[in-house]
Amino acid sequence: MDSVLIVSGSEQGSSTLVKLLASEGFNDIDSAESGADGRQKLAAHAYDLVLINTPLSDEFGDGLALDITEETDAGVVLIVKGKQEADIESRVAKYGVLVLGRPLPIPLFRKAIHLMEAVKNRLGGMKNENVKLRQKIDDIHVINRAKGILMEYLSMTEPQAHRYLERQAMDLRITKIEVAKRLLSTYEN
């Protein structure tokens, strides 16, 4: 993880979290003093991890945590008073928010940060794979549209249209999707 946002209503809590994160190798650490300030910073910059040390000056912080999970792909850790941990966790855990109670045991905090880092990396890999699959699907749609044009305007069968696209790609030394796009630009305009 590269960038971290700490949202804390307490100056002491914020400085403690900065020190802990710095000791774990995090360099790009930003902080906000309220939920509104945190939302403003989130709108301007993409963070990998957001730590919310409750309560904030303008809200408790659980609403901010849920907003972050809906609007970004940042990992979210909500730090609450120990006696509130179970109640808050029951409301936000299903959205992927990790809740830690205060006083915060340092080894648990470190494990939580590394867990969030691992989850972020796995989700990033899945997101990249999703983008690749979406691109393949889009390419298949374009190729199928090109085959449809060949079938309609040149009276080819589907296998003939398929072979035509492959042959053109080989002859022109371009990809089949490029052949399909050229064909579409010729016939659809």
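This is a predicted model: local features need pLDDT of at least 70, side-chain atom pairs count only at pLDDT 80 or more; totals for chains, interfaces and linings use all residues.
At what angle do the axes of α5 and helix α6 cross?

View 1. Residues are numbered from 1 along each chain as its sequence is written, and side-chain values use heavy atoms, with hydrogens and water left out. The axes of α5 and α6 (residues 158-172) cross at roughly 115° and come within 9 Å. Axes are lines fitted to C-alpha atoms, for helices over the stretch in contact, and angles run from 0 to 180 degrees between N-to-C directions. The crossing is right-handed; in a right-handed crossing the near helix is turned clockwise from the far one by less than a right angle. Ile143, Ala146, Lys147, Leu150 and Met151 of α5 meet Glu158, Ala161, His162, Tyr164 and Leu165 of α6 (contact means heavy atoms within 4.5 Å).

View 2. Five strands, in the order β2-β1-β3-β4-β5, form an open sheet with parallel pairing. Helices (H or I, at least four residues) and strands (E, at least two) are DSSP runs, numbered from the N terminus, and two strands pair if DSSP finds at least two bridges between them. Strand β3 (residues 49-53) is joined to β4 by five bridges, and Asn53 has Ile79 of β4 as its bridge partner. Helix α1 (residues 11-23) packs on the sheet, where it touches β1 (3-8), β2, β3 and β4. Helix α5 lies across β3, β4 and β5, at about 170° to β5.

**View 3. The largest pocket.** The largest pocket holds about 220 Å³ of space. A pocket is an open set of points on a 1 Å grid over the protein atoms alone, where a 1.4 Å probe fits, with protein on both sides within 12 Å along at least five of seven lines; lining residues have an atom within 4 Å of a point. Among the lining residues are Thr69, Asp73, Tyr95, Met116 and Lys120. Both β4 (75-81) and α5 (106-153) give two or more residues to the lining, and α5 gives the most, with four.

Terms used. Grid points are joined across faces, edges and corners, and a volume is the space filled by probe spheres set on the points.
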